[in-house]
Amino acid sequence: MKHYDKIIFELSRAGRKGYELPADKYGVDGMAEIPADLLRTQEAELPEVSELEVVRHYTNLSNKNFGVDTGFYPLGSCTMKYNPKINEELAALPAFMSLHPLQDEKAIQGALELYWNLQRMLSNIAGLAEFTLNPYAGAHGELTGLMVMRQYHRSRGDHKRTKVIVPNSAHGTNPASAMVAGLEVVEVKSKPNGSIDVEDLKPLLDDTIAGIMMTNPNTLGMFETEILEIADLVHKAGGLLYYDGANLNPLLGKVRPGDMGFDIMHINLHKTFSTPHGGGGPGSGPVGVAKHLVQFLPNPHVVKREDGTFTISEGEESLGNISTFLGNFGVMMKAYAYILSLGKENIKNVGPLATLNANYIKESLKDDYLLPIDGVCKHEFVFDGLKDKSTGVTTLNVAKRLLDYGFHAPTIYFPLLFHESMMIEPTETESKETLDDFIEVMHKVAKESRETPEVVKEAPLTTLVRKLDETTAAKNPILNYRTLKAAEA
Ligand SMILES: Cc1ncc(COP(=O)(O)O)c(C=O)c1O
């Protein structure tokens with residue numbers, strides 16, 4: 001291990017220093033406002049390192065990471081498309097970066113206009129009446145949307161409606177969000193092709209049903225062709241339809257959830273709208289609703305006055321606040337930049353290209369990998385592991401071997417409908433050359449699995465860290481240097 005590859009605390013030598021900004025660089029003395037009783041009384045335990053060591057340490061660390069900027073990342077269900085740099089440049093404009101949420105409305109009209117415009121754009125894309133941009137993530141959007149659903153039934157005095165129907169193929173956050181929203185989850189079966197079994201749905205639709213949560217295309221990447229019938233059945237039973245927008249990418253600009261009959265939806269800006277995926281960082285999960293639900297959206301909300309100016313409003317029937325201020329504004333700016341840079345016409349190419357790329361990979365690999373559901377998929381599809389399982393090579397082994405060849409693994413063991421699920425989503429931002437490279441490597445791994453299975457089972461062989469003990473990592477996480485030293489002692 002190189003010296004600067006060590007943990008940064010191990011690089012520390014007393015007295016070493018890096019570059020220090022002058023205290024008044026931004027014209028403020030950061031310490032001036034801190035009350036004396038809150039000031040630190042002991043020196044912070046920080047590593048003492050030179051600038052060069054810090055630069056090498058973090059540059060090398062970043063090179064050990066894998067991201068969309070490093071290579072192909074076909075993580076199904078996650079839509080790991082490229083995040084264009086122009087999004088970052090615009091979001092970093094000082095005029096926006098240095099805004100404060102408590103500033104007078106008059107001074108932030110431009111930001112409010114951008115916010116309002118994005119509400120409008122998403123409403124048009126979704127075919128819904130209004131959007132809130134306040135939620136912080138997809139799952140937070142789900143919770144917010146379900147709270148709207150609950151609020152709607154309560155406002156009508158319909159207190160019996162406490163159940164939400166969720167397909168057994170759904171993403172785990174769907175039932176989890178329903179539970180957190182205080183609703184009971186009722187499972188509806190999927191047919192072998194992954195779509196909702198309408199005959200199983202019908203008897204569930206009584207006067208205790210608040211609504212149904214669905215995604216379309218479904219978790220297997222297949223379009224729910226019976227969606228209009230499902231919407232009709234649910235509405236006639238007095239329920240609402242919630243659309244999990246995690247799979248919006250293939251429909252972008254082509255088909256609108258509102259037109260399919262959905263009343264509420266969330267959008268993961270970090271998927272369809274090319275903002276970076278979390279990793280604990282800021283995210284955004286805007287929630288859209290049909291006309292009859294607008295008054296229940298969370299506070300605060302940006303509205304346009306008749307004189308063309310913008311204001312932050314609070315609705316009386318609103319479910320209340322679900323975030324601080326208006327959500328993660330910087331993330332919204334990136335999504336806004338993405339939509340504008342594609343424009344009305346180009347945005348319509350996203351879905352077809354994502355669909356073409358997924359089908360190209362699927363058809364190219366189905367000789368070596370087991371395709372449980374044949375036919376045209378949308379933006380993603382699922383293999384049930386290798387076709388030839390005789391040497392005992394599993395989906396996990398294949399996923400780890402891909403790392404040796406410089407590809408991120410697909411989503412594995414999800415959806416739960418198959419034992420060896422491997423969910424592949426290339427997105428529209430990849431070139432044919434990249435797809436061909438991936439296809440070649442997947443064939444190679446299948447060949448290795450037949451001829452030298454032990455190599456695949458041992459993978460990854462070339463990564464800095466080999467196979468991890470994920471259970472111990474989850475149960476006994478070592479999150480700081482002191483815990484590490486204590487564990488080693
Ligand atoms: C189908 C589906 N629904 C919901 C979510 C949750 O979104 P988030 O990760 O933004 O909370 C995901 C995330 O991967 C998803 O794939």
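**A hairpin, to begin**

Author: Gladly! In the hairpin of β8 and β9, five residues lie between the strands, and Gly-308 takes a positive phi near 90°. Keep in mind that this is a predicted model.

Reader: How many bridges join β8 to β9?

Author: The general idea comes before the count. Strands of a sheet pair through backbone hydrogen bonds, in either a parallel or an antiparallel way. Here β8 (residues 301-304) and β9 (residues 310-313) run antiparallel and are joined by four bridges. To find the pairing on your screen, look for Lys-304, which stands opposite Phe-310 in β9.

Reader: In what order do the strands of the open sheet with β10 come?

Author: The order is β10-β12-β11, three strands with antiparallel pairing. The edges are β10 (381-384) and β11 (411-412), each of which pairs on one side only. Between β11 and β12 (residues 421-424) there are two bridges, again in the antiparallel sense. There, Thr-411 stands opposite Met-423 in β12.

Reader: Now the helices. Are α10 and α12 roughly parallel or roughly antiparallel to each other?

Author: Two packed helices are described by the angle between their axes and the distance between the axes. For α10 (residues 329-365) and α12 (residues 432-451), the axes come within 10 Å and cross at roughly 25°. Angles under 35 degrees count as roughly parallel, so α10 and α12 are roughly parallel to each other. The crossing in which α10 passes α12 is right-handed.

Reader: At what angle do the axes of α5 and α6 cross?

Author: The axes of α5 (residues 138-155) and α6 (residues 173-180) cross at roughly 45° and come within 9 Å. These two helices are therefore oblique to each other. The crossing of α5 and α6 is right-handed.

Reader: Which residues are closest to the ligand?

Author: The closest are Ser-77, Gly-138, Ala-139, His-171 and Ala-246, out of 13 residues that surround the ligand.

Reader: Last, the overall layout. Into which domains is the protein divided?

Author: The division gives domain 1 (3-63), domain 2 (87-340) and domain 3 (346-473). If you want a distance to go with that picture, the C-alpha centres of domain 1 and domain 2 lie 41 Å apart.

Terms used: Residues numbered from 1 in each chain as written. Predicted model: local features only at pLDDT ≥ 70, side-chain atom pairs only at ≥ 80, totals over all residues. Domains from an automatic or database assignment. Pairing = 2+ DSSP bridges. Near = placed C-beta within 6 Å. Axes fitted to C-alpha atoms, helices over the stretch in contact; angles between N-to-C directions. Parallel < 35°, antiparallel > 145°, perpendicular 65-115°, else oblique. Left-handed = near helix turned anticlockwise from the far one by under 90°.
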